[in-house]
Amino acid sequence: MADDAISAPGNLHFDDLNKLRVMPSDVSDETISLRDECKDFIDKFEGYRELVGTFTGLMDHIAKEVEEEKMKAIGARNLLKTIRRQRDTQQQQLKEMIAEKKVQLERCHMEAEQLQQQENDQREFVEEFAAHGQQ
């Protein structure tokens with residue numbers, strides 16, 4: 001069997017250094033060239049993978065920061081809503097208090113008028129009584 005491979009004239013070749021080769025030198029050169037290209041491709045691919053890893057890590061970090069800022073913004077918005085509701089409630093309470101005070105003021109004005117009228121009536125009575133008492 002080994003004799004068949006040696007005896008076949010197309011299977012054995014000599015290279016530039018007169019070494020016996022199984023494949024022709026141009027195929028061998030192409031194989032070496034392909035191997036080098038594959039190595040370059042693998043090296044470039046590894047570089048690309050590292051770059052993608054770095055980019056992915058950076059994007060994850062940025063996404064985390066964005067999410068934190070988003071949560072802060074939501075918290076601030078909720079706080080503002082709470083403050084706005086408290087202000088509206090306080091404003092409503094103050095309006096109710098003003099309305100109560102107006103009613104109370106009106107009652108005091110009416111009472112003051114009644115007391116003024118009573119005072120006038122009593123003075124008039126006292127003056128009439130004093131006038132009748134002197135007669």
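Predicted model: local features only at pLDDT ≥ 70, side-chain atom pairs only at ≥ 80, totals over all residues.

Residues are numbered from 1 along each chain as its sequence is written, and side-chain values use heavy atoms, with hydrogens and water left out.

I looked up the salt bridges (a side-chain nitrogen of Lys or Arg within 4 Å of a carboxyl oxygen of Asp or Glu) and found 6 in the structure.

I looked at Asp-43, which pairs with Lys-39 at 3.3 Å from N to O; both residues lie in helix 2, 4 residues apart, about one turn of the helix. Helices are DSSP runs of H or I with at least four residues, numbered from the N terminus.

I checked accessibility, where buried means under 20% relative accessible area, exposed over 50%, and partly exposed in between, with a 1.4 Å probe and protein chains only. Lys-39 has 52% and is therefore exposed, whereas Asp-43 has 41% and is partly exposed.

I also found Asp-36 bridged to Arg-35, with the closest N and O atoms 3.8 Å apart.

Last, I looked up a negative surface patch, formed by Asp-16, Asp-26, Asp-29 and Glu-30. Such a patch takes residues with over 30% relative accessible area and no salt bridge, like charges being joined within 9 Å. Glu-30 lies in helix 2, residues 25-134, and is exposed because its relative accessible area is 56%.

Note on methods
Patch = residues over 30% accessible without salt bridge, like charges linked within 9 Å, V, L, I, M, F, W, Y side chains within 5 Å. Areas by Shrake-Rupley, 256 points an atom, 1.4 Å probe, with all protein chains shown as cover. Lys, Arg positive; Asp, Glu negative; His and termini not counted. Charge placed at Lys NZ, Arg CZ, Asp CG, Glu CD. Helix = DSSP H or I, 4+ residues; strand = E, 2+ residues; numbered from the N terminus.
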